[in-house]
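Subject: Structure handover

Hello,

Here is the structure I promised to pass on. Please open it alongside this note.

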Amino acid sequence: VVTVWSTGIATPTLEARVAGKLGLRTDVSRVPVFGLGCAGGVSGLSIASRLAEARPGANVLLVALELCTLAVRHDELTKANIVAASLFGDGAAAIVLRAGDGGATRIEAAGEKLWPDTLDIMGWTVDPEGFGVVFQRTIPDFVRNHLGSAVAEILARMQLTTDDIDRFLCHPGGSKVIAALERALALDQGTLDHERDVIAACGNMSAPTVLFVLERACAKGLPQRSLLTALGPGFTLSCVALRHAA
């Protein structure tokens, strides 16, 4: 079980707390992953896929869970906190991975890009009252200026190019970020329709959000090759290439 979250701290971790209620086996391997923020859904999928590949026949459950409303600060009504409270929402998503044929889609490759000297773009501060949001207004500009080359760099390590990608499935972030993603990836305005639908219906749920986008894409029918992307604290870009199983 790979459990991904960033909006709270629990020891024992979440999967241990629900293991009995869910009937998990006593020999279950637990991999709690904290602090990846909005990139957690894609990075968690990458981690879970490597675990599944290393243990043929095993089922690997990825759970991405965020309770962003826990971070609402009534004692600190700054503009950043008010924007975060209105933009973010609570959500959870899960995927089961298994090595071999079959399934809705196949994970082909994964990669990440960590930009140096970008720790102040996104994250948490921690004080006696709880978490305080770090959320730079320059994120859409950063996406427009840096995402395209970073995606190309990651794809090159996969021996792919953007021409090989039939559909980008992105963590939406917000309406301005979606517009910046379309520009950075040279997509027509309105291309990222699943992303806009998820933001409108659920808000930015941090790590699970991109998995909601993937769910909508699967329901509509995945093309031959898709690329999941998400940006998170670090500042980090995480990508997973999907190859349709049909």
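Below are the main findings, grouped by topic.

**Ground rules**

This is a predicted model, so local features need pLDDT of at least 70, and side-chain atom pairs count only at pLDDT 80 or more, while totals for chains, interfaces and linings use all residues. Residues are numbered from 1 along each chain as its sequence is written, and side-chain values use heavy atoms, with hydrogens and water left out.

**The sheet**

Start with an open sheet of four strands, in the order 5-10-9-8, with mixed pairing. Strands here are DSSP runs of E with at least two residues; helices are runs of H or I with at least four; both are numbered from the N terminus. Two strands pair if DSSP finds at least two bridges between them. Strand 5 (105-114) and strand 8 (167-170) stand at the edges. Each has a single partner strand, so one side of each is left without a neighbour in the sheet. From one strand to the next, the twist averages 20°. Axes are lines fitted to C-alpha atoms, for helices over the stretch in contact, and angles run from 0 to 180 degrees between N-to-C directions.

Strand 9 (residues 225-232) and strand 10 (residues 236-244) are antiparallel partners, paired over eight bridges. T229 stands opposite C239 in strand 10. Helix 7 (residues 209-220) packs on the sheet and touches strand 8, strand 9 and strand 10. Contact means heavy atoms within 4.5 Å. The direction of helix 7 makes about 145° with that of strand 8.

**The cores**

A nonpolar core is a set of buried Ala, Val, Leu, Ile, Met, Phe, Trp, Tyr and Cys residues joined through side-chain atoms within 4.5 Å. Buried means under 20% relative accessible area, exposed means over 50%, and partly exposed lies in between (1.4 Å probe, protein chains only).

The largest nonpolar core has 34 residues. V143, L147, V151, M158, L227, F235 and L237 touch the most other members. Helix 4 (139-157), strand 8, helix 5 (175-184), strand 9 and strand 10 each supply at least two residues. Helix 4 gives the most, with eight residues. This core draws at least three residues from each of domain 1 (2-99) and domain 2 (105-244). Those domain bounds come from an automatic or database domain assignment.

Take V151 as a close-up. Setting aside residues up to four places away in sequence, V151 touches F168, L185, L227 and L237. There is also a second, separate core of 27 residues, which includes V2, A93, V210 and A230.

L45 sits in helix 2 (residues 40-54). L45 counts as buried because its relative accessibility is 3%. Neighbours within four places in sequence aside, L45 is in contact with L62, I95, L97, I107, L228 and V240.

**Aromatic pairs**

The structure holds four aromatic pairs. Rings of Phe, Tyr and Trp (its six-membered ring) pair if their centres lie within 6.5 Å; planes under 30 degrees apart count as stacked, over 60 as edge-to-face and the rest as tilted.

W5 is in strand 1 (residues 2-5) and F34 in strand 2 (residues 31-34), 29 residues apart. W5 is buried at 6% relative accessibility, whereas F34 is partly exposed at 43%.

Another edge-to-face pair is W115 with F142, at 4.9 Å and 90°. W115 lies in the loop between strand 5 and strand 6 (122-127), and F142 in helix 4. W115 is buried at 10%. F142 is buried too, at 14%. W115, F142 and F235 form one aromatic cluster.

**Backbone points to check**

Most residues other than glycine have a negative phi, and most peptide bonds are trans. Here are some exceptions.

- The peptide bond from T11 to P12 is cis, with omega near 5°. P12 lies in the loop between strand 1 and helix 1 (14-22).
- G234 and F235 are joined by a cis peptide bond, with omega about -5°. F235 lies in the loop between strand 9 and strand 10.
- D117 is not a glycine, yet has a positive phi of about 60°. D117 is exposed, at 79% relative accessibility.
- Q159, also not a glycine, has a positive phi of about 65°. Q159 lies in the loop between helix 4 and strand 8 and is exposed, at 74%.

Best wishes
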